[in-house]
Amino acid sequence: MSLSCGFVGLPNVGKSTLFNAILKKTVAASANYPFCTIEPNIGKVPLEDNRLELLSKISHSSKIIHALLTCHDIAGLVKGANKGEGLGNQFLSHIRECDLIIQVLRCFEDKEIIHVENSVDPIRDYDTINLELQCSDLERLEKILYQKKTDINLKNQAEIAKNFLYSNSALRDSQWDKDFVNFFNTYGFLTYKPMLIVGNVSTSSDDEFFNKIKHLNPIKIFAAIEVMLQDIESEEDKKNFLIDLGIQSSGLNELVRAAYNKLGLMNYFTTGKEETRAWEVHKGDTMQDAAGVIHTDFYNHFISADVVKFDDFIKYNGWSEARENGVVKTCAKDSLIEDGDICLFKSYKK
């Protein structure tokens, strides 16, 4: 499974700084000028899950493997990007490759850091980015409509989507049937992709700007401070550092978790002496789907799955006592898997 999120926003709003922080190492260039990120930087971010540590202790595992989220740091968009301004078409294509858009809005004042509009206004910036995504989708829909060989059903879908977009800012603003969903996903329409909003602040006094976007349900991130935290080894020292700055907690874990949930992902676990590992599945996946994440042979030759809930595994200290107490269930291939399930798959050899 290869799902990814892309950090999107105007130049110099803190995308690359946030990207560096979330990867816990500096892998993207951060500079005080527009377009310092030309090619999208890509990194894998572990989804921290305390349950893995508990399972590992019980199984005496040699290693722990977290689930990973792929993140793209995409260069800044500007007004007119859909017409090619600021290398916009190239950057829009990078967004199209992502499954989730994380829009970063600048909510801090800093005379040393240039803003392309020469003032801080997160609502204006939000509208600018959304308009560019909307215009890009409309342009793509027009091309479908004016292609002579386009199937009539496809043209009808494009016409309906076009009319909707002229009245609304995003295709995601409505419920669509399966045919439309397939159409949107096939053509990579940007405004259909799920979106999270991040308000990037520098100090707790920046609430003046952050409060303007509260109706967008943003996640508050102190991106520059998060980078500083990476140089502090002790968790206690990190906590005290944040307290001294008047910040309650790091927002990075919240962001990664929110992105994971927005993509409709959850984790099940396998655990043993060799490793304890989290595996990504979609909400609503079956046991056979989950087995296929490990290896296609497990999917093709699935027999059954032994499954125990996380709380029961911890309560009975592993597989043996869990079986003795009757909390291990044998599940068929069409049984639904749930977050936190601990699984042991059985398959036949071809």
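Axes are lines fitted to C-alpha atoms, for helices over the stretch in contact, and angles run from 0 to 180 degrees between N-to-C directions. Helices (H or I, at least four residues) and strands (E, at least two) are DSSP runs, numbered from the N terminus. The model is predicted, with local features requiring pLDDT of at least 70 and side-chain atom pairs counted only at pLDDT 80 or more, while totals for chains, interfaces and linings use all residues. Residues are numbered from 1 along each chain as its sequence is written, and side-chain values use heavy atoms, leaving out hydrogens and water.

**The sheet**

- An open sheet is formed by six strands in the order β2-β4-β1-β5-β6-β7, with mixed pairing; two strands pair if DSSP finds at least two bridges between them.
- The edges are held by β2 (41-46) and β7 (219-221), each of which has a single partner strand, so one side of each lacks a neighbour in the sheet.
- From one strand to the next, the twist averages 30 degrees.

**Strand pairs**

- Strands β1 (residues 4-8) and β4 (residues 68-73) run parallel and are joined by four bridges; serine 4 has threonine 70 of β4 as its bridge partner.
- Four bridges also link β1 with β5 in the parallel sense, and valine 8 is opposite glutamine 103 of β5.
- Six bridges connect β5 and β6, again in the parallel sense, with arginine 106 opposite asparagine 200 of β6.

**Strand β5**

- Seven of the seven residues of β5 are buried (under 20% relative accessible area, with a 1.4 Å probe and protein chains only), so the strand is largely enclosed by the rest of the structure.
- Leu100, Ile102, Val104 and Arg106 point one way from β5, whereas Ile101, Gln103 and Leu105 point the other way.

**Helices on the sheet**

- Helix α4 (residues 122-146) lies across β1, β5 and β6, and runs at about 145 degrees to β5.

**The pair α5 and α6**

- Helix α5 (residues 152-167) packs with helix α6 (residues 178-187) at an angle of about 85 degrees, their axes being 11 Å apart.
- That angle makes α5 roughly perpendicular to α6, a term covering 65 to 115 degrees.
- In contact (heavy atoms within 4.5 Å), Leu154, Gln157, Ala158, Ile160 and Ala161 of α5 meet Asp179, Phe180, Phe183, Phe184 and Tyr187 of α6.
- The residues of this contact of α5 with α6 comprise eight nonpolar, one polar and one charged, where Ala, Val, Leu, Ile, Met, Phe, Trp, Tyr, Cys and Pro count as nonpolar, Asp, Glu, Lys and Arg as charged, and the others, Gly among them, as polar.

Conventions: Buried means under 20% relative accessible area, exposed over 50%, partly exposed in between (1.4 Å probe, protein chains only). Angles under 35 degrees count as roughly parallel, over 145 as roughly antiparallel, 65 to 115 as roughly perpendicular and the rest as oblique.
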